[in-house]
Amino acid sequence: DNPNSMVIETKKPYILPEVRTVYKTFGEPPHDHIRSWLGVPLIVQDKIIGLLAIDSVKENHFTDYDVNIATTFANQVSIALENARIFKETQDQALTDPLTGIYNRRGLFQIGEFEFLRARRINRPFSVMIFDIDHFKRVNDQYGHATGDQTLRGLAERCRKSSRAVDLLSRYGGEEFVILLPETNINSAKLVAERLRLSIMENPITTDSGPLRITISIGIAEANHTDTLKTLIERADEALYNAKHAGRNCVKVKK
């Protein structure tokens with residue numbers, strides 16, 4: 001029971017020369033200063049995405065001329081909003097892995113660089129964890145790539161649920177994942193890694209081929225004064241290499 005609904009339902013401009021004669025709410029605070037009202041729809045491809053509402057303290061203030069000006073402006077606003085939405089969607093797609101919905105490698109470095117430099121600037125600990133699924137090729141060979149994809153999605157979701165809001169999770173490539181851990185020293189990072197490793201090992205991932213039990217190998221490293229984000233990830237990757245050669249399903253640290 002308001003003029004906004006009229007604009008949205010009709011997809012047409014709506015003028016109220018004397019608002020109180022139509023809507024009693026305009027006689028009550030905080031709207032009681034309004035005497036006349038003009039609403040114009042924001043339309044993109046014949047779909048309402050909002051409305052432009054203009055009010056006046058004077059009765060009979062708006063004319064057809066005002067409607068034409070407001071409609072022209074509303075059309076420009078609609079285009080600007082749609083372009084902004086498309087741009088954001090494109091940006092999200094460029095930074096996000098389409099399979100798992102988490103950051104891809106580009107997103108990891110673009111967003112992670114900011115957090116890494118912030119930690120460096122205020123002299124706070126910053127660690128990185130890199131891990132992959134042990135013998136993932138066997139999963140694809142035995143159950144097919146569809147089940148392999150479900151496994152990757154399940155692992156990403158498990159990691160997302162167990163991560164803090166400040167952590168940055170990404171699919172680094174293939175079955176390899178990276179988690180950036182701000183405000184985390186190497187000892188805390190090792191505890192986080194062990195907890196994640198045990199969780200993955202003890203709780204099968206749900207797939208169309210049935211519950212699938214997997215294990216992961218993890219490498220971790222803490223940033224030093226000479227590291228860049230790239231070299232920090234490379235050092236953690238060396239630790240992951242060591243974990244693989246130590247028999248897999250374990251955590252190794254690169255100091």
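Predicted model: local features only at pLDDT ≥ 70, side-chain atom pairs only at ≥ 80, totals over all residues.

Cys159 takes part in no disulfide, and the nearest cysteine sulfur, which belongs to Cys250, is 17 Å away, whereas a disulfide would require the two sulfur atoms to be within 2.5 Å. Cys250 is likewise in no disulfide, its nearest cysteine sulfur being that of Cys159 at 17 Å.

Both residues can also be placed by their accessibility, for which the limit for buried is under 20% relative accessible area. Cys159 has a relative accessible area of 1% and is therefore buried, and Cys250, with a value of 16%, is buried as well.

## Helix H3

Helix H3 covers residues 105-121, and because its 17 residues should span 24 Å at 1.5 Å a residue, the 23 Å between its end C-alpha atoms agrees with expectation.

At the start of H3, a side-chain oxygen of Asn104 comes to within 3.1 Å of the backbone nitrogen of Arg106. Just after the helix, Asn123 adopts a positive phi of about 60 degrees; this residue sits in the loop between H3 and E4 and, at 59% relative accessibility, counts as exposed.

## Nonpolar cores

The largest nonpolar core has 27 residues, of which Met129, Phe131, Leu155, Leu196, Ile216, Ile218 and Ile220 touch the most other members. Two or more residues each are contributed by E4, helix H4 (136-143), helix H5 (145-162), E6, helix H6 (186-202) and strand E7 (216-222), and the largest share, five residues, comes from H6. Apart from this core lies another, of 16 residues, among them Phe126, Tyr172, Ile233 and Ala236.

Which residues is Phe131 in contact with, once its neighbours within four places in sequence are left aside? Its partners are Leu155, Cys159, Glu175, Glu176, Phe177, Ile179, Leu196, Ile216, Ser217, Ile218 and Leu240.

Following H1 comes Lys11, whose phi is positive, near 60 degrees.

Thr207 belongs to the loop between H6 and E7, yet at 8% relative accessibility it counts as buried. The side chain of Thr207 reaches the backbone nitrogen of Ser209 at 3.1 Å, and, not counting residues up to four places away in sequence, Thr207 touches Thr147, Gln150, Thr151 and Leu212.

## Backbone exceptions

Most residues other than glycine have a negative phi, and most peptide bonds are trans. A cis peptide bond, with omega about 5 degrees, joins Pro29 and Pro30, and Pro30 is in the loop between strand E1 (14-16) and strand E2 (36-44).

Glu183 shows a positive phi, near 60 degrees, in a residue other than glycine. Glu183 is found in the loop between E6 and H6 and counts as partly exposed, at 36% relative accessibility.

Methods: Residues numbered from 1 in each chain as written. Heavy atoms only, no water. Helix = DSSP H or I, 4+ residues; strand = E, 2+ residues; numbered from the N terminus. Expected span 1.5 Å × (residues − 1). Polar contact = N/O pair within 3.5 Å; in protein donor to acceptor, adjacent residues only side chain to side chain. Core = buried A, V, L, I, M, F, W, Y, C linked by side-chain atoms within 4.5 Å. Buried < 20%, exposed > 50% of the residue type's maximum accessible area, 1.4 Å probe, protein only. Contact = heavy atoms within 4.5 Å.
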